[in-house]
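Biologist: I have some questions about the terms used for this structure. Could you go through them with me?

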Amino acid sequence: MTPSLLLPSSAAVTTPATVPSSDRRVGRFAGLDGLRAIAVVAVILFHLTPGAVPGGYLGVDVFFVISGFLITGLLLRERESTGRIRLGAFWLRRARRLLPALAIVVVACSALALALRGDVLVHLGRQVLGAATFSSNWLSIGVGQSYFDGTAPELFRNLWSLAVEEQFYLVWPLAMLALLLVPSRRLRIGLVVALAVASAAAMWLIYLPGADATRVYYGTDTHCFGLAIGSAIAILVNDAPRRLAALASRRFATRIAAAFGAASIVALCALAVSMPASAPFVYRGGLVGVALLTAVAILGSIGTGSLLGRVLDSAPLRWIGERSYGLYLWHWPVFVLVVAALPGWQRTGGDGWAMGAVALVITVAASAASYRLVERPIRLNGFRASFRAWTSGWRASAPRLVAFLAAVVIALVAVGASVAAIASDPGKSSSQAAVEQGERSIDTHRPPDGGGAPATPSRTPAALPGGDQITAIGDSVMLASAPELQSTFPGIQIDAVVSRQLSSVPSILQGMVAAGTLRPTVLIGLGTNGPIDRSTLDEVRSIAGSAHDIVMINVQAPRGWTDGVNSTLTRFAQQYRDVELANWRDAISGHLDLLAPDQIHPGSAGGAIYARAVTDALQRLAELPPALGPNDFGLAGIPL
């Protein structure tokens with residue numbers, strides 16, 4: 001989940017009516033560095049901790065609103081002070097702010113990926129192209145890459161939001177030229193609000209509950225409402241300075257605004273720990289609510305003398321906020337590289353927290369160095385002056401000459417290694433290879449339609465059912481294990497697809513029952529791709545009926561919802577005599593090295609453990625004593 005916008009505080013020149021007197025000298029909005037800090041911390045915790053902040057991805061929407069507010073304000077004030085908007089100068093400032101840190105991250109992390117090799121190189125060329133052209137979001141949408149797919153974490157997946165913002169930087173100044181031709185302030189605000197509404201409506205309408213949400217999450221068209229909301233409040237603040245100044249002079253009004261702003265920040269923090277990305281509400285009003293709360297927080301912090309603004313401007317928050325662009329850029333690729341460098345470590349529990357801590361330390365060090373040595377000098381002095389400063393005086397001393405030459409050599413080696421890394425793309429991840437092998441195995445051994453024995457089984461199984469008595473429904477984990485399942489249960493009927501969730505099973509079962517192809521034993525392996533509802537499990541059992549045994553396979557995945565999934569499956573299996581649990585998680589927990597680097601998909605040896613867990617569950621079902629029927633009771637209701 002993934003912000004990207006960091007605008008220099010010096011760029012946020014404001015009207016005196018909206019800035020505390022202590023800040024007029026430096027020309028910055030009070031509180032915005034603190035809001036940036038909260039946003040980037042939320043995103044970092046979302047990615048680096050094992051499910052501790054399931055809604056931390058909302059930090060990107062906080063950044064979107066801040067960016068829209070600041071950029072629109074800059075354009076409006078330039079128009080007022082100079083009578084025009086210099087598009088070339090504006091885009092050059094954006095380039096100074098964004099490109100240096102981005103180039104360093106892409107080159108350094110690509111070079112390290114070459115050293116580690118494996119899955120971190122998959123689709124690296126497309127990712128670098130997206131970074132260079134600020135089109136990462138649309139390239140990922142075009143190839144069907146899911147933001148929520150953990151099978152092969154892309155090295156630069158977090159750059160999707162930077163792409164959205166840069167597209168905004170390119171288009172919005174042109175739109176502002178047209179918008180400024182509208183004489184009415186209310187109409188200008190109304191048009192921008194209409195844009196926000198249209199974007200939010202598009203997200204609502206295009207999103208399909210239960211389906212992958214990448215299209216609406218990555219899409220500039222469906223996810224620009226935060227930028228539009230920020231722009232609307234910038235027009236409001238800029239076009240009504242006298243009214244706002246009069247309002248800000250009233251201490252009571254300032255306190256009320258600050259109170260609402262503080263409440264909004266508390267609400268944002270609450271959502272960060274309680275709003276998982278899998279919830280349909282997120283895409284049908286949730287993210288819009290985040291944007292609106294951020295707008296209230298901005299208005300509550302920038303007022304003259306705002307206590308909230310002073311709190312958000314505290315030294316720690318301000319330090320983080322000023323470096324939040326670098327923190328955001330570095331944290332995700334560094335984490336992916338740390339995980340790849342420690343293949344034997346689990347992604348959950350103590351190991352997961354330790355890997356997150358290692359990635360965080362590297363991220364803070366790298367972003368702090370980048371900010372001091374590269375980003376700030378170029379932002380303040382420009383590319384040419386900064387280059388002259390770096391190269392001037394190297395003849396003054398031998399140590400400076402050595403340092404300069406070493407830096408040049410390191411840069412050249414890193415660029416060359418990056419090119420080699422792109423050329424070394426294996427084309428598919430180890431997880432994808434395992435899943436494709438399973439798909440080929442299913443196609444090769446697929447029984448004829450209606451094959452097997454869709455019969456009414458005896459309720460006193462004396463032995464394990466054969467493969468022709470089993471229907472298996474699952475996701476990519478079952479696909480990866482398909483060859484071993486087919487070897488263990490020849491003739492097994494497997495219906496498994498990538499990214500499937502449990503919510504789709506009732507309709508699948510109903511179709512099989514109607515066609516007479518549902519076999520006596522039903523094997524279900526789902527829950528890797530999202531939380532499950534107990535009501536869905538009850539519906540599955542109701543459709544299958546008492547004539548079918550059900551085996552539920554629990555989940556091994558470094559994802560925040562898996563503990564809840566496994567607890568629900570365990571309780572479900574304990575409640576019913578004809579339901580058994582195949583404990584895949586415990587069976588594989590001591591052998592994570594047999595899984596792909598995503599710690600989800602098994603190879604051949606892991607698939608054998610998967611099949612053995614299923615076998616053990618079927619054995620437990622077979623060893624149950626026969627169920628007592630109505631003829632097994634005497635007149636007094638006592639078992640005979």
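Modeller: Gladly, and let me begin with the aromatic rings: Phe 46, Tyr 57, Phe 64, Trp 160, Tyr 217 and Tyr 218 are linked into a cluster by ring pairs. Before your questions, please note that this is a predicted model, in which local features need pLDDT of at least 70 and side-chain atom pairs count only at pLDDT 80 or more, while totals for chains, interfaces and linings use all residues. Residues are numbered from 1 along each chain as its sequence is written, and side-chain values use heavy atoms, with hydrogens and water left out.

Biologist: How do you know whether Phe 29 and Phe 69 are buried or exposed?

Modeller: Buried means under 20% relative accessible area, exposed over 50%, and partly exposed in between (1.4 Å probe, protein chains only). Phe 29 has 4% relative accessibility, so Phe 29 counts as buried, and Phe 69 is buried too, with 2%. Over the 640 residues of the chain, 52% count as buried.

Biologist: What makes a group of residues a nonpolar core?

Modeller: A nonpolar core is a set of buried Ala, Val, Leu, Ile, Met, Phe, Trp, Tyr and Cys residues joined through side-chain atoms within 4.5 Å. The largest one has 108 residues, and Phe 69, Phe 156, Tyr 283 and Ile 298 have the most contacts inside it. A second, separate core has 56 residues, including Met 552, Phe 572, Leu 592 and Ile 609.

Biologist: Why is the contact of Arg 93 with Glu 78 called a salt bridge?

Modeller: A salt bridge is a side-chain nitrogen of Lys or Arg within 4 Å of a carboxyl oxygen of Asp or Glu. The closest N and O atoms of Arg 93 and Glu 78 are 3.9 Å apart, so the pair meets that rule. Arg 93 lies in helix H4 (residues 87-116) and Glu 78 in helix H3 (residues 59-82), so the pair ties together parts that are 15 residues apart in sequence. Arg 93 is partly exposed at 30% relative accessible area, whereas Glu 78 is buried at 10%.

Biologist: Which parts of the chain does the salt bridge of Glu 580 and Arg 620 tie together?

Modeller: The closest N and O atoms of Glu 580 and Arg 620 are 3.2 Å apart, so they too form a salt bridge. Glu 580 lies in strand S5 (residues 579-582) and Arg 620 in helix H26 (residues 604-622), so parts 40 residues apart in sequence are tied together. Glu 580 is buried with a relative accessible area of 17%, while Arg 620 counts as partly exposed at 36%.

Biologist: How many salt bridges does a search of the whole structure find?

Modeller: The search finds 14 salt bridges. Asp 33, Arg 36, Arg 318, Glu 322 and Arg 323 are linked by salt bridges in a network.

Biologist: How many disulfides does the search find, and what makes a pair of cysteines count as one?

Modeller: A disulfide is a pair of cysteine sulfur atoms within 2.5 Å, and the search of the whole structure finds 0 disulfides. Cys 109 is buried, with a relative accessible area of 1%, whereas Cys 269 is partly exposed at 39%.

Biologist: What is the phi of Gln 599, and where is Gln 599 found?

Modeller: Gln 599 has a positive phi of about 60 degrees although it is not a glycine. Its place is in the loop between helix H25 (584-588) and H26. At 3% relative accessibility, under the 20% limit, Gln 599 counts as buried.

Definitions and conventions. Helix = DSSP H or I, 4+ residues; strand = E, 2+ residues; numbered from the N terminus. Phe/Tyr/Trp six-rings, centres within 6.5 Å; stacked < 30°, edge-to-face > 60°.
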